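Below is a short briefing on one protein model, covering its fold, surface and charged pairs.

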Amino acid sequence: MPGMSRIYYYFSCGSIYYAQGNYKKALWYSKKEMELFEKFPHHIIEHPKIYGSSIVQIAMCSGLLKQYNKVMPYVVKIKNLNTKSEQLNNELLHFAYNIELSTHIATGEFEMAERILPDMKNKILSNTRLVLNKQREMLSYFHIGKIYFCFGKYSESGKNLHKIINDKNADVRSDIFV
């Protein structure tokens, strides 16, 4: 039975390739990592953040490689992952919603994206117990703004984008990407 060393190896390789923009290799290593976790589920309980990160990376790489039909099963998997840490559960949920929104935007499924907005706002952006860093918070408002813009709801779009622009504590950067 392999220990965590092989999982860490796949995790490291996947992360490095992702950072380099080689999403095909990052996807391959992340899938290998997830396979090991699922083959030895006690590691999931012991290292839920690493396991969750591998699923998030698989979903993100699939989207970046335009394999949109493969994204949603991983989004569902992320949403269903329940760890002992409420903060980790909420962070994973945040990633799941943003990946889901990005996928619907990329595929032109704006109605699907609009349907999840109330749930996302209630579970993520209105959750006072969840501590989001500014980059994640801005990314959420950015995606929400794009959805409203696609429907011609410019006032709603502007309200969400102004939350980014007017936030005095935010380090507004030009590298927000979808």
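A residue is called buried under 20% relative accessible area, exposed over 50%, and partly exposed in between (1.4 Å probe, protein chains only). The model is predicted, so local features need pLDDT of at least 70 and side-chain atom pairs count only at pLDDT 80 or more, while totals for chains, interfaces and linings use all residues. Residues are numbered from 1 along each chain as its sequence is written, and side-chain values use heavy atoms, with hydrogens and water left out.

**Fold**
- The protein has nine helices and zero strands, taken as DSSP runs (helices H or I, at least four residues; strands E, at least two) numbered from the N terminus.
- Of the 178 residues, 42% are buried.

**Salt bridges**
- Five salt bridges are present, each a side-chain nitrogen of Lys or Arg within 4 Å of a carboxyl oxygen of Asp or Glu.
- One of them joins Glu 38 and Lys 77, with N to O at 2.7 Å; Glu 38 is in helix α2 (residues 23–39) and Lys 77 in helix α5 (residues 71–80), so the pair ties together parts 39 residues apart in sequence.
- Another pairs Glu 100 with Lys 79, the closest N and O atoms being 2.6 Å apart; this links helix α6 (residues 86–107) to helix α5 across 21 residues.
- Glu 100 is buried at 8% relative accessible area, whereas Lys 79 is partly exposed at 29%.
- Lys 159 and Glu 156 also form a salt bridge, at 3.2 Å, and both lie in helix α9 (residues 154–165), three residues apart.

**Cysteines**
- The disulfide count is zero, a disulfide being a pair of cysteine sulfur atoms within 2.5 Å.
- Cys 61 is buried at 0% relative accessibility, and Cys 150 is partly exposed at 38%.
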